[in-house]
Amino acid sequence: MSENLVKIHEKLQDNVARSVNSYGCQQEVINQINYVKNKGEYKGAKKVLVIGASSSYGLASRITQAFGAGADTIGVSFERPVKDKTMLGTPGWWNNIYFKQEAQKEGLIAKNFLGDAFTHQMKQQVIKYIQTEFGGQIDLLIYSVAAPKRTNPDNPDEVWRSQIKPIGQNVSGYNINLEKNALFYQTIAAASQQEIAATIKVMGGEDWEIWVKELKAAGVLASGFKTILYSYIGSPATYAFYHEGTLGRAKADAEKSAHKIQKHINDIKGQALISVSTAVTTKASVVIPIFPLYCIALYKVMLKKGTHETPIMQKDRLFRDMVYGKKAQIDSHGRLRPDAWELDSDTQKQTVDLMNKITPANFNTDLTAYDTFRKEFLQINGFEVAGIDNTTVNYDEITKLKP
Ligand code: NAI
C-alpha cells in the first residue's frame with residue numbers, strides 16, 4: 001500500500017465513534033444539500049450565524065439556509081482536526097470543510113470558526129468578521145450547541161460539566177450499546193443539586209443570551225433579526241430522565257432565556273424563538289441513557305407512518321414551513337412545534353406498547369428500527385453511506401483540505 005493511503009474502518013467505543021470516513025461525510029453533506037435543492041428555493045435569511053454548525057441539527061440548519069434560501073453563513077463549532085494517521089479528525093471537521101466547498105461553488109460565503117463558542121474571544125472574533133467581511137449585519141442566529149462542558153467565560157478555573165440524570169429519583173431501564181450490539185439494563189442515579197446547576201450552565205440559555213447581547217451591543221443585528229434555539233420535550237416515556245431531569249431543566253432555562261432575549265431585541269423588531277424539536281440520531285442523543293431504546297421503538301412506528309425524520313428533514317421543514325413560511329405550529333407558550341409528529345397520540349401509544357415488548361433477545365430484529373438507528377449513527381461518522389465503499393483514504397489529499 002502506498003504510504004499516503006490509510007486504512008479506515010468503523011470503530012466504536014460504547015456509543016462514541018472513534019473513527020471517521022471523510023469521504024462518507026462529504027457524501028452525506030452532498031445528500032443533505034440535494035434534499036434541500038429538490039424541495040426548491042424559499043425566502044429565508046440572507047446572513048446567518050450558526051453556533052454548533054458542524055453536525056446534525058446545526059449543520060442541517062446551515063444547509064437549508066444556504067441551499068434553500070441562498071444565505072451566506074458563518075459556522076462556529078468545536079471540532080478536532082487530523083492529528084495523525086490514527087486520528088483522522090472528527091466528522092464535524094470534515095462537514096465544515098465539505099459544506100464550505102459546496103457553498104463556495106454556489107458563490108455563497110461560508111466562513112468556519114473552530115473553537116470554544118462559550119468564550120468572549122470567540123464572540124469578539126465573529127463580531128469583527130461580521131463587521132469587516134460579512135456585510136456588517138446578520139439576520140438570523142441559530143444556537144445549536146450540545147456540549148459536555150463549559151468553562152466560565154469570566155473565570156477559566158471554573159468548569160461546569162453537564163450530566164444527563166434524573167432529578168429526585170433513580171431511574172432504571174434498558175439502554176443500547178452500539179459497539180457491542182447489545183441491550184443492557186442500567187440505573188441512572190439522581191443528580192445532585194450541583195450537577196443540576198452545572199447542566200443548566202452548559203445546556204441552558206445563558207450563553208445564547210450572551211451571544212445576542214454582545215452581537216447587539218456591536219450593532220451587527222439587522223432590523224427584523226431572528227434567533228432560534230432547539231429544545232426537547234419528547235414522550236412521557238422519557239420524562240423521568242430527560243424532560244424532568246437535568247437536561248429538561250436546562251431546556252426550561254433556555255426557554256426563559258428566549259423571553260429575556262425577546263425583550264432585549266424588541267427595539268430592532270427582533271424575534272427569539274424556541275423550536276421544540278423531534279428526537280433524531282446524533283452524536284449527542286445516542287449518549288443519553290435509555291433514550292436509544294425509545295428511539296428504536298419510535299422510529300419503527302414513525303417509519304411505518306411515513307413521519308420519521310432525519311435532521312435535514314426536520315430543519316428544512318422548520319425553516320421553510322414555519323420560521324419563514326405560513327405553516328407554523330405554535331403552542332400556548334409561543335414555541336414552534338415541529339415535534340408534533342413525534343408526539344402524535346397514536347404514535348406515542350404504539351411506541352410505548354412496542355417499548356414494553358423489547359427484550360435483549362429481540363431488540364435487534366424487525367420488531368424495532370434498530371437497523372435504522374444504527375445506520376444513521378454510522379452515517380454521521382461517514383460509514384455505511386451509499387456509494388462510498390472506501391476502506392482507505394488518501395492522507396496527503398485529505399490533510400491539504402482546510403476548514
Ligand atoms: P451534535 O452533537 O450533533 O452537535 C453539537 C454541535 O455543538 C457541534 O457542531 C459541535 O461542534 C458544537 N459544540 C459543542 N461544544 C462546543 C463549543 N464549546 N463551542 C462551539 N461549538 C461547540 O448535537 P445535536 O443533537 O445536533 O444537538 C444540537 C441541539 O439540538 C442541542 O441543543 C440539543 O439539545 C438539541 N436537540 C437535539 C435533539 C436530538 O434528538 N438530537 C432533540 C431536540 C433538541
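**Why the terms apply: a predicted chain and its ligand**

Guide: The protein chain has 13 helices and 16 strands, where helices (H or I, at least four residues) and strands (E, at least two) are DSSP runs numbered from the N terminus. This is a predicted model, in which local features need pLDDT of at least 70 and side-chain atom pairs count only at pLDDT 80 or more, while totals for chains, interfaces and linings use all residues. Residues are numbered from 1 along each chain as its sequence is written, and side-chain values use heavy atoms, with hydrogens and water left out.

Visitor: Why does Pro91 count as buried?

Guide: Buried means under 20% relative accessible area, exposed over 50%, and partly exposed in between, with a 1.4 Å probe and protein chains only. Pro91 has 15% relative accessibility, so Pro91 counts as buried. Pro91 belongs to helix α3 (residues 91–105). Across the protein chain, buried residues make up 57% of the 403 residues.

Visitor: Which residues is Pro91 in contact with, leaving aside its neighbours within four places in sequence?

Guide: They are Val20, Cys25, Ile380 and Asn381, contact meaning heavy atoms within 4.5 Å. Pro91 and Gln379 are 288 residues apart in sequence, yet their C-alpha atoms are 9.7 Å apart in space.

Visitor: What makes helix α12 mostly covered?

Guide: In α12 (residues 370–380), 9 of the 11 residues are buried. Among them are Tyr370, Phe373, Arg374, Glu376, Gln379 and Ile380. Just after α12, Gly382 takes a positive phi of about 90 degrees.

Visitor: Is Ser277 buried or exposed, and how do you know?

Guide: The relative accessible area of Ser277 is 2%, so Ser277 is buried. Ser277 sits in the loop between β15 (271–276) and α8 (291–305). Beyond its neighbours within four places in sequence, Ser277 is in contact with residues including Tyr57, Tyr230, Asp339 and Glu342.

Visitor: What makes the pair Ser277 and Lys315 a polar contact?

Guide: A polar contact is a pair of N or O atoms within 3.5 Å; within protein, one must be able to donate a hydrogen and the other to accept it, and residues adjacent in sequence count only if both atoms are side-chain atoms. The side chains of Ser277 and Lys315 make such a contact at 2.9 Å.

Visitor: Which residues come nearest to the ligand?

Guide: Ser54, Glu79, Ala117, Lys251 and Thr282 come nearest, out of 30 residues around the ligand; a residue is near if one of its heavy atoms lies within 4 Å. A polar side-chain atom of Ser55 lies 2.9 Å from an oxygen atom of the ligand. For a polar backbone atom of Val145, the distance to a ligand oxygen is 3.2 Å.

Visitor: How much of the ligand's accessible area does the protein cover?

Guide: The protein covers 95% of the 850 Å² that the ligand has on its own. Accessible areas come from the Shrake-Rupley method with a 1.4 Å probe; for residues, only the protein chains shown count as cover.
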